[in-house]
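Here's a quick briefing to read alongside the structure. Take a look at the model, then work through the points below.

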Amino acid sequence: MEDLTVSFAGRDEPGRRTGQRANVLEGVGFTLAIGAIVGLVGESGCGKSVTAMSILRLLPSPPSRVERGRVLFEGVDLLTLDEGAMRDMRGNRVGMIFQEPMTSLNPTFTVGWQIDEALRLHTPLGRKERHQRCLELLRLVGIGAPERRLAQYPHELSGGLRQRIMIAMALACEPRLLVADEPTTALDVTIQAQILDLLAGIRERLGMAILLITHDLGVVAEYCDEVVVMYAGRVIETAPVRPLFANPRHPYTAGLLASMPKLDGGRGMLPTIPGMVPSPGSRPVGCPFTDRCPNALPRCRTEMPPLEIGPDRHAFACWNPVR
Amino acid sequence: MAGYLLRRIIQALLILLGVTAITFILLYLLPADPARQIAGRSATAATVQSIRQQLGLDLPLWQQYLRYLGNLVQGDMGRSYIQRTEVASLVWSRLPATLLLMAGAIVCELVIGLGAGIIAAVRRGRPTDTAIMVASFLGVSAPQFVVGILLLYVFAVQLGWFPIGGYGTFAHLVLPSLTLGILGGGWYSRMTRSSMVDVLRQDYIRTARAKGATGGRIVLVHALRNAVLPLIAMIGLDVGIFMSGAVVVESVFGWPGIGQLTWQAIQQVDIPVIMGVTLTAALFIVLGNLLADLIAPLADPRIKLR
């Protein structure tokens with residue numbers, strides 16, 4: 001992804017269009033290697049989900065609009081494809097799973113029908129072969145008694161099972177990239193770990209890349225190869241997991257890491273980052289983190305620092321980084 | 001399931017019993033004297049009195065009602081005061097025409113309402129949506145006879161595509177069905193639009209898009225299945241409404257249905273016929289609702305009949 005900038009039409013309080021547009025993403029870029037798991041982290045509203053949805057072009061337009069940038073997938077810019085070619089990508093070359101397994105499945109069709117649909121749309125397989133493949137997929141995502149499960153409706157399944165069904169559906173055509181938008185946020189902790197282990201295991205077996213969107217740094221440390229940290233619609237730091245956790249350079253990343261509870265951290269209050277994320281319409285000219293930043297310089301208010309790549313493929317956008 | 005059906009049938013019988021009681025009391029309270037009406041203006045008081053006795057009209061209300069119920073249980077709905085024929089056979093002879101018009105009207109309503117509602121929902125907020133909503137408002141608020149006469153004038157008189165009135169062939173059915181369909185379609189399109197707009201916002205629609213389904217497939221397969229539920233209940237109600245409520249359309253097109261029979265009976269204070277058609281309409285309303293409730297789980301598997 002290169003320099004992706006997406007704007008939304010502004011609305012005032014009663015919901016009328018104001019005619020002004022605000023950039024929700026501002027020059028977002030990062031790279032996903034084949035077979036890698038990259039974690040995309042940041043607070044709510046920082047643009048993680050918009051970034052994820054932009055890859056498959058699932059944002060409603062209007063009100064959204066891509067202002068500039070490219071999303072290169074195996075050498076093809078997804079943003080330039082026509083609708084038909086884009087549909088061939090969705091669910092086929094690029095799979096996606098969502099945050100809410102309870103509402104992301106259609107309540108009026110059996111889960112078997114819904115998994116089968118992905119195969120019907122993208123493969124020439126016959127009915128019997130597709131059925132075999134569906135059974136195989138359920139086994140792959142660790143669902144027992146697959147024959148019985150296929151005939152069930154989403155409301156008959158638990159949240160964890162539904163998310164496994166979503167994953168089976170996304171994997172039906174063996175995509176090269178899986179976009180997982182907070183796949184475990186709505187699940188309880190033990191199920192979370194199961195689902196993430198499952199994704200990591202499937203990555204190993206199928207060799208696909210995973211973009212894992214999360215706000216849980218613990219998840220990132222455990223499962224990801226690289227991290228992309230976003231703040232107020234921008235990428236502010238990106239690095240392989242180890243250097244980032246060992247030596248965060250952007251004050252925001254450092255603040256995030258400091259606010260994680262630690263087992264050996266002793267008693268007392270957890271440190272927090274004071275202040276609020278500026279909304280897309282009211283972001284300052286300079287670095288959007290300035291008002292909350294302990295390291296802020298006068299320059300930060302007037303000029304946005306560029307994302308500069310240092311050694312270790314460690315890049316950060318800050319005039320006065322943490323040492 | 002069997003228990004559910006049994007309970008619904010008992011409920012239905014109670015409802016019908018209530019309907020007969022209320023109708024009976026209301027008709028008894030009417031200031032008109034059926035005996036006088038049957039005997040005619042020039043009849044003597046003695047003749048009127050004998051007719052009254054013959055029909056049991058001199059008995060107290062509760063005795064009259066029990067007599068009526070007793071006959072009803074044996075399938076006897078009484079005799080028309082005016083036409084001197086069995087009420088059951090009168091209703092029975094009008095039933096085919098009424099059912100045919102009902103079917104035609106429901107088909108038209110669904111085609112017009114679903115089509116317009118889906119298009120409006122997909123084009124929400126755009127000129128097409130506004131145009132459809134204005135049209136549906138006109139459809140809802142236009143009187144039956146205006147729409148009927150307009151269609152009759154354009155398609156029967158001017159263009160000559162359909163007969164002006166009557167009953168017998170498919171061509172006779174088109175205009176009356178369309179009249180009722182345009183009126184009902186207004187309601188259906190509004191309902192379809194609102195439930196469709198709601199469904200199209202759901203997460204599972206996004207999932208379908210992420211899967212690579214085409215726009216048409218998403219709307220007609222993924223969304224429609226979820227949006228039809230309120231419509232099924234409405235069709236159930238329509239079955240009852242068209243049973244007796246198509247009076248105006250039947251008059252405009254000379255359609256020999258139950259609506260016309262009802263109208264005549266009311267004008268002539270033909271109490272047994274009024275009772276008969278009221279009971280029949282109530283029966284169909286109950287049946288229509290039962291049918292709608294039985295069909296609902298097929299559309300939405302989360303609904304369980306208990």
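Arg323(A) sits in the segment after β13 (315-316) of chain A. Keep in mind that this is a predicted model. We'll start with that residue and then move on to a helix and its neighbours.

**Arg323(A)**
- Arg323(A) and Pro251(A) are 72 residues apart in sequence, yet their C-alpha atoms are 9.7 Å apart in space.

**Helix α6 of chain A**
- α6(A) covers residues 159-171, which makes 13 residues.
- From first C-alpha to last, α6(A) reaches 18 Å, close to the 18 Å you'd expect at 1.5 Å a residue.
- Most of α6(A) is covered, with twelve of its 13 residues buried; among them are Gly160(A), Arg162(A), Ile165(A) and Leu171(A).
- What do the buried residues of α6(A) pack against? In chain A, they pack against β7 (94-97), α3 (111-122), α4 (127-140), β8 (177-181) and α7 (189-206), and in chain B against α9 (203-211).

**α3(A) meets α6(A)**
- Two packed helices are described by the angle between their axes and the distance between the axes.
- For α3(A) and α6(A), the angle is about 25 degrees and the axes are 8 Å apart.
- That angle is under 35 degrees, so α3(A) and α6(A) are roughly parallel to each other.
- Their crossing is right-handed.
- α3(A) brings Val111(A), Gln114(A), Ile115(A) and Ala118(A) to the contact, while α6(A) brings Ile165(A), Ala168(A) and Met169(A).
- By class, that contact of α3(A) with α6(A) has six nonpolar residues, one polar and no charged ones.

Terms used:
Residues are numbered from 1 along each chain as its sequence is written. Chains are lettered from A and ligands numbered from 1 in the order in which they are written. This is a predicted model: local features need pLDDT of at least 70, side-chain atom pairs count only at pLDDT 80 or more; totals for chains, interfaces and linings use all residues. Helices (H or I, at least four residues) and strands (E, at least two) are DSSP runs, numbered from the N terminus. The expected span of a helix is 1.5 Å times one less than its number of residues. A residue is buried if 20 or more other C-beta atoms lie within 10 Å of its own, exposed if 12 or fewer, and partly exposed in between; C-beta atoms are placed from the backbone. Two residues are in contact if their C-beta atoms, placed from the backbone, lie within 7 Å. Axes are lines fitted to C-alpha atoms, for helices over the stretch in contact, and angles run from 0 to 180 degrees between N-to-C directions. Angles under 35 degrees count as roughly parallel, over 145 as roughly antiparallel, 65 to 115 as roughly perpendicular and the rest as oblique. A crossing is left-handed if the near helix is turned anticlockwise from the far one by less than a right angle, and right-handed if clockwise. Ala, Val, Leu, Ile, Met, Phe, Trp, Tyr, Cys and Pro count as nonpolar, Asp, Glu, Lys and Arg as charged, and the others, Gly among them, as polar.
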